[in-house]
Amino acid sequence: MARTDELCRSYLDLAWHFDPAAATAAGVRRYDDRLGAYDADSVRQHLAAFRSLAGAVEQLEVGELADEIDRTYLLDTIRTAVFRLEHERPHVRNPGFWLSHLFHAFHGLLKRRDAGLPERALAALGRLQATPAFLTAAAETLETPPRVLVESARRMIGGGLALLGEVEAVFGPVVAAEDAEAFREAVREARAAVERFGGWVEGLEGDAPEAGFAVGEEQFNRRLRHQHALRSSAPELWRYGRHLIEEVEGELAELAHALDPCRHWRDLVERLRAEAPVGSDLVDEYRAEMERARRFVEERELVSVPEARLEVVETPGFFRPLVPFAAYDGPGAFSEDRTGYFYVTTPDRSPGAAGSARGTHSRHEIAVTALHEGYPGHHLQRVTALGLESEVRRNLWTPLTVEGWALYCEEMMGEEGFYASLEERLFQRVNLLWRATRIVLDVGLHTRGMTPAEAVDFMLERLPIAPENAWAEVRRYCAWPAYQLCYAVGRREIRALRQAFERRAGSAFSLRRFHDELLGYGGLPVSLIRWGMGLDES
């Protein structure tokens, strides 16, 4: 194993000790009965360990370009973790940070298939017993969280209680007889702790400040530089986002005129969204489109397709509050099971969850969603990365590349003739407009003093979206700085990389060769991929 890989394993061990829920999601079992510790003393200890490891990575001497690329991103990943804990301080500012960890810890145990039910039940008992102290530490650590983050946390409580109900239903019947009473008591105590924390969070809303969620331009640019390896700064991305909005709005007007000269594109989208399958028909349509996308990729030889199952299923009941529309859940890097899951939330079973960031499931947007999440999007990229030799490329990634790849695929598949109608092409451009809007809001909220209410108004003026869904989007943007811009900016970077690759290859260029070489870097930043490919910045 290369020295870079050894240090990457050391980083992962440290990160998993800090975040046992992430370890469970990765398929690592040894932390399955634990929750993380995010009180001030624990965070200080982890910061010291991260800094020490960063020093070792900085001093590492490597001979091969591939190792230098991996070392660079491993170091940037550690630096991002340090900057986040030091400057963003989500454990101090965001009650949703604690709830997300808690609920993902239990969801990871329910999802796993590479360990038996009794083993996972015992691990769940450990996490249930740790829940009251975990949430007590949360209340003691949080300091004046901003209103928008308090509201997000409050809305998570109902889904968390449903999740605990699922934990009891799945693991209760299989827990060892000598642990049965302890398990029942632990469920009761965990449920009571979540309810108490929910009441405490609700009590914060009246006095919670409106400001305080923004990380500021300096930290935002650190994210761009170290997490995404972007040369662009916040002001340049602000300008690019606004330009892209104008460009896509013009394309939408042209497409809408071709479909119905008498309707504005927004009115047309609203009418088309009413054409929505329901219930099992909805899941079946997603399943069929996912299979059509896979066949299209294989037949056109657009990219190598690895062997791995992708199950299209209805969203489990406990997961529905977290997945109001649809979501991809990929296999863990260290899991024996390589199956991916695409969850579809059916509106008719849960009327309160029928909305989404984009509205209901119009049959005209199922195709673009399927290829984004499955083939050649997230699932294909994820499984390809898991087959790479490099520990860094299997385990570390930036959303700039991962989300950018999936959005790039939406456009690339259209260029190759995948969309069956003008309506499907219309929704693909609506998706791009949505992601362009995210650039402006991400930068605006965190660096330009934009308020959540102003961000919601900006969305409502430009997108066919319900107010409650716009608020859900904006609350997420406030909690995850420099993430939402990654879709459209990543698409831009990959398109530019492809153009440079094509210029060099000339008549020998093929999409498959480009895509295979790109995915050979896993989810590393596009600028590092460009370095590895030996392409200039022209």
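The model is predicted, so local features are only taken where pLDDT is at least 70. The salt-bridge count comes to 46, and a handful of those pairs get a closer look here.

- As background, side chains of opposite charge can pair up when their charged atoms come close.
- Asp 329 and Lys 111 pair through their side chains, with N to O at 3.0 Å. Asp 329 sits in strand β2 (residues 326–329) and Lys 111 in helix α6 (residues 95–111), so this pair ties together parts 218 residues apart in sequence.
- Are the two partners buried or exposed? Asp 329 is buried, at a relative accessible area of 16%, and Lys 111 is buried too, at 18%. Both count as buried because the cut-off is under 20%.
- Arg 271 makes a salt bridge with Glu 275, and their closest N and O atoms are 3.7 Å apart. Here Arg 271 is partly exposed at 35% relative accessibility, and Glu 275 is partly exposed at 30%.
- Glu 410 and Arg 435 also meet in a salt bridge, at 3.5 Å from N to O. Glu 410 belongs to helix α17 (residues 399–415) and Arg 435 to helix α18 (residues 422–447), so the pair links parts that are 25 residues apart in sequence.
- For that pair, the relative accessible area is 1% for Glu 410, which is buried, and 4% for Arg 435, also buried.
- There's a network as well: Glu 251, Glu 411, Arg 429, Arg 491 and Arg 495 are joined into one by salt bridges that share partners.

**Helix α12 against helix α18**

- The crossing of α12 past α18 is left-handed.
- Which residues of α12 and α18 meet? On the α12 side they are Trp 265, Leu 268, Val 269, Leu 272 and Arg 273. On the α18 side they are Glu 423, Leu 426, Phe 427, Val 430 and Leu 433.
- Sorted by class, this contact between α12 and α18 has eight nonpolar residues, two charged ones and no polar ones.

- For context, most peptide bonds are trans, and most residues other than glycine have a negative phi.
- Pro 376 lies in the loop between α14 (366–373) and α15 (378–386).
- You'll find Arg 89 in the loop between α4 (65–88) and α5 (90–93), and it counts as partly exposed at 34% relative accessibility.
- Is Thr 144 buried or exposed? At 60% relative accessibility, Thr 144 counts as exposed, because the exposed class is anything over 50%.

How values were computed. Residues are numbered from 1 along each chain as its sequence is written. This is a predicted model: local features need pLDDT of at least 70, side-chain atom pairs count only at pLDDT 80 or more; totals for chains, interfaces and linings use all residues. Side-chain values use heavy atoms; hydrogens and water are left out. A salt bridge is a side-chain nitrogen of Lys or Arg within 4 Å of a carboxyl oxygen of Asp or Glu. Helices (H or I, at least four residues) and strands (E, at least two) are DSSP runs, numbered from the N terminus. Buried means under 20% relative accessible area, exposed over 50%, partly exposed in between (1.4 Å probe, protein chains only). A crossing is left-handed if the near helix is turned anticlockwise from the far one by less than a right angle, and right-handed if clockwise. Contact means heavy atoms within 4.5 Å. Ala, Val, Leu, Ile, Met, Phe, Trp, Tyr, Cys and Pro count as nonpolar, Asp, Glu, Lys and Arg as charged, and the others, Gly among them, as polar.
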